[in-house]
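The account below starts with the fold as a whole and then turns to the ligand and its surroundings.

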Amino acid sequence: MRLLLPHPRQLSPDDLHEIYSGQTSPCLRAGFVVALDGGISFAGSSRPLRTPTDEAAFHALRAVADAVVVGAGTVRAEGYGPVRPRPGGLVWRHAHGLPPVPPLVTVSRSLDLDPADRCFSGPSLVVTCASADRHRKSRLSAVTEVVVAGEDDVDLSAAVCALHERGFTRLLCEGGPQLLAALLQRGLVEELCLTLTPLLLGAAPHLLPTALTAPQQLELRHLIDGDGVLLARYAVTGA
Ligand SMILES: NC(=O)c1ccc[n+]([C@@H]2O[C@H](COP(=O)([O-])OP(=O)(O)OC[C@H]3O[C@@H](n4cnc5c(N)ncnc54)[C@H](OP(=O)(O)O)[C@@H]3O)[C@@H](O)[C@H]2O)c1
């Protein structure tokens, strides 16, 4: 693996912790794996886009986060489990005074989530809105903390504040596209970490499913090459 920009040098996968930990706090960053034509899944899964380089970045981003935030659509589509840091990530977290595992925070309007799902078998929270089904809310409350932010829809700014209040100030959002678009529209994303996989997917779902109200400007912070897979980290500098 080689850091190409800003200062070229060889990297080991464990160096990624140091590289990705250099972020301001509080900060919300989004991490995605993307094909070169912008596709983010094939046959409903991001699995065909994944490579060892992406796996290394995926786990390093998780290791330096206080909490991992994900939309319920991704939890359902990808069969999400609890966050399980790799040994290098556990060492890094311990050395930096972080608990071993960051919680998985699922954002859902409908609460169409199974309390028996394995995503609730580790540290977890669910963020929903006041109008969500009361029965579903009470069933989920038995297995996880359910945070209410907003009335008829999840108020994402309030949700981020609620996470900050719990001490989760470095947030990693792993998608999916609907949640990313909503966070970007509200100006809540400071960084975008993309794995650019050299694949073309054709008519596949894309990074952003809807038009933004204004183009978002990005500024490249680093570029890493791992066997032809590029890890690009951008600051979101605004509309
Ligand atoms: N390539 C990648 O890195 C990557 C990353 C993530 C996902 N994906 C792919 O993306 C696809 C899933 O896409 P998606 O757009 O459905 O995923 P998503 O954004 O994870 O999920 C959408 C769902 O999340 C909840 N949600 C999102 N934004 C919300 C908001 N502002 N307020 C309240 N609830 C909100 C809602 O859940 P409820 O329906 O429960 O109300 C909504 O239906 C899958 O095929 C997955 O493989 C790819």
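Helices here are DSSP runs of H or I with at least four residues, strands are runs of E with at least two, and both are numbered from the N terminus. Counted in this way, the protein, which is a predicted model, has seven helices and eleven strands.

The overall dimensions come next. Along the principal axes, the C-alpha atoms occupy a box of roughly 55 × 40 × 30 Å. The radius of gyration is 17 Å, which agrees with a compact globule, because a chain of 239 residues would then have a value near 18 Å. Of these 239 residues, 50% count as buried. The accessible surface is about 11200 Å², and carbon and sulfur atoms contribute 55% of it. Among contacts between residues at least 6 apart in sequence, 67% join residues at least 24 apart.

Which residues are closest to the ligand? They are Thr74, Glu78, Ser108, Ser110 and Gly176, in a shell of 28 residues. By type, this shell divides into eleven nonpolar, twelve polar and five charged residues.

A polar side-chain atom of Glu78 is 2.3 Å from a ligand oxygen. For Ser108, an N or O atom of the side chain lies 2.6 Å from an oxygen of the ligand. Ala72 takes part through its backbone, with a polar atom 3.2 Å from a ligand oxygen. The ligand taken alone exposes 910 Å², and the protein buries 88% of that area. Strand 3 (27-35), helix 3 (72-78) and helix 7 (177-185) each give two or more residues to the shell. Helix 3 gives the most, with six residues.

How values were computed
Residues are numbered from 1 along each chain as its sequence is written. This is a predicted model: local features need pLDDT of at least 70, side-chain atom pairs count only at pLDDT 80 or more; totals for chains, interfaces and linings use all residues. Side-chain values use heavy atoms; hydrogens and water are left out. A residue is near a molecule or strand if one of its heavy atoms lies within 4 Å of it. A polar contact is a pair of N or O atoms within 3.5 Å; within protein, one must be able to donate a hydrogen and the other to accept it, and residues adjacent in sequence count only if both atoms are side-chain atoms. Accessible areas come from the Shrake-Rupley method with a 1.4 Å probe; for residues, only the protein chains shown count as cover. Ala, Val, Leu, Ile, Met, Phe, Trp, Tyr, Cys and Pro count as nonpolar, Asp, Glu, Lys and Arg as charged, and the others, Gly among them, as polar. The radius of gyration is taken over C-alpha atoms; the globule rule is 2.2 Å times the number of residues to the power 0.38. Buried means under 20% relative accessible area, exposed over 50%, partly exposed in between (1.4 Å probe, protein chains only). Contact means heavy atoms within 4.5 Å.
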